[in-house]
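Biologist: I would like to learn how to read a helix and its surroundings. Please take me through one case.

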Amino acid sequence: VSAALDTLARMPGRTRLPDHVVYRSFVNETVVLNLQTGRYHGLNPTGGRILQLLVETASIDESAARLAQESGRGVDEIRADVQAFCDDLVVRGLVEIVPGDD
Amino acid sequence: VVIVLRTDGARPADVVPVPAPHVRVLALAADAAGARAALAAGAHSAAIDGDDEGLVAVVAAVGAGYAVSPESLRGRLSQGLLTTREKQALAMVVMGFSNREIGTTLHITETTVKSHLSSAFRKLHVRSRHEATALILDPESGAGTGILAIS
């Protein structure tokens, strides 16, 4: 699995929400629904914000930059967190990476 | 043959036996949450422990092949009858999506969405989106989002 994630991390592409996934943000939680499995996934506010940025910007780098700006943390540190979180979403089928400019 | 099983405090999955032909399992649980867990673990029917008078009728019904559950779990036994489309539409209703949004996501018309939801509501014995959401999410007696799982 770690080898696959390493490959994923190096893979150029754009992040997007698969057609079978919908999400909705509430006050303290973002709920993500995988329509293929009927399973709900709950994200805390930070996770919800990252998902929103990944969908809006379609880019891990841009998401990390926006999040760094919003939180006042270093972009390098945040990029690793965003990458790891995105990898997790990809493994769960909640985000996909499509070919394109990184 | 009807096996009447008191789940007590045990995990229903540990005490509900593997189903065998001609054997039906009726779980007696302390409350609605226990009954729900027993049904999820594979019991054919569930009742609230302590209602001895009603139990005779319940055992007779289960023995005759009927599915029985407490009224507070109304709709729980119907979960397996939901189609994939009904589960998908219902899952989005629970999240607060409109029929139009559901139709756009599932690539079906609003009329078809209404048709799927009407069918799901009928099977779950609820009359509205609000009742359907409560049936699934109510922390005390809700059936849980597991009834929307697609295998």
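Biologist: What do the buried residues of α3(A) pack against?

Modeller: Contact means heavy atoms within 4.5 Å, and buried means under 20% relative accessible area, with a 1.4 Å probe and protein chains only. Helices (H or I, at least four residues) and strands (E, at least two) are DSSP runs numbered from the N terminus. Here the buried residues of α3(A) pack against β1 (14-16), α2 (45-57) and α4 (75-91) of chain A. This is a predicted model: local features need pLDDT of at least 70, side-chain atom pairs count only at pLDDT 80 or more, and totals for chains, interfaces and linings use all residues. Residues are numbered from 1 along each chain as written, chains are lettered from A and ligands numbered from 1 in written order, and side-chain values use heavy atoms, without hydrogens and water.

Biologist: Which residues of α3(A) are buried?

Modeller: They are Ile60(A), Ser63(A), Ala64(A), Leu67(A) and Ala68(A). Seen down the axis of α3(A), they fall within an arc of 135°, so they line one face of the helix. The arc is that of the directions from the helix axis to the C-beta atoms.

Biologist: Take Ser63(A), in helix α3 (residues 60-71) of chain A. What is Ser63(A) in contact with, leaving aside neighbours within four places in sequence?

Modeller: Ser63(A) touches Leu53(A), Leu54(A), Thr57(A) and Val82(A). The relative accessible area of Ser63(A) is 1%, so Ser63(A) is buried.

Technical notes:
Buried means under 20% relative accessible area, exposed over 50%, partly exposed in between (1.4 Å probe, protein chains only).
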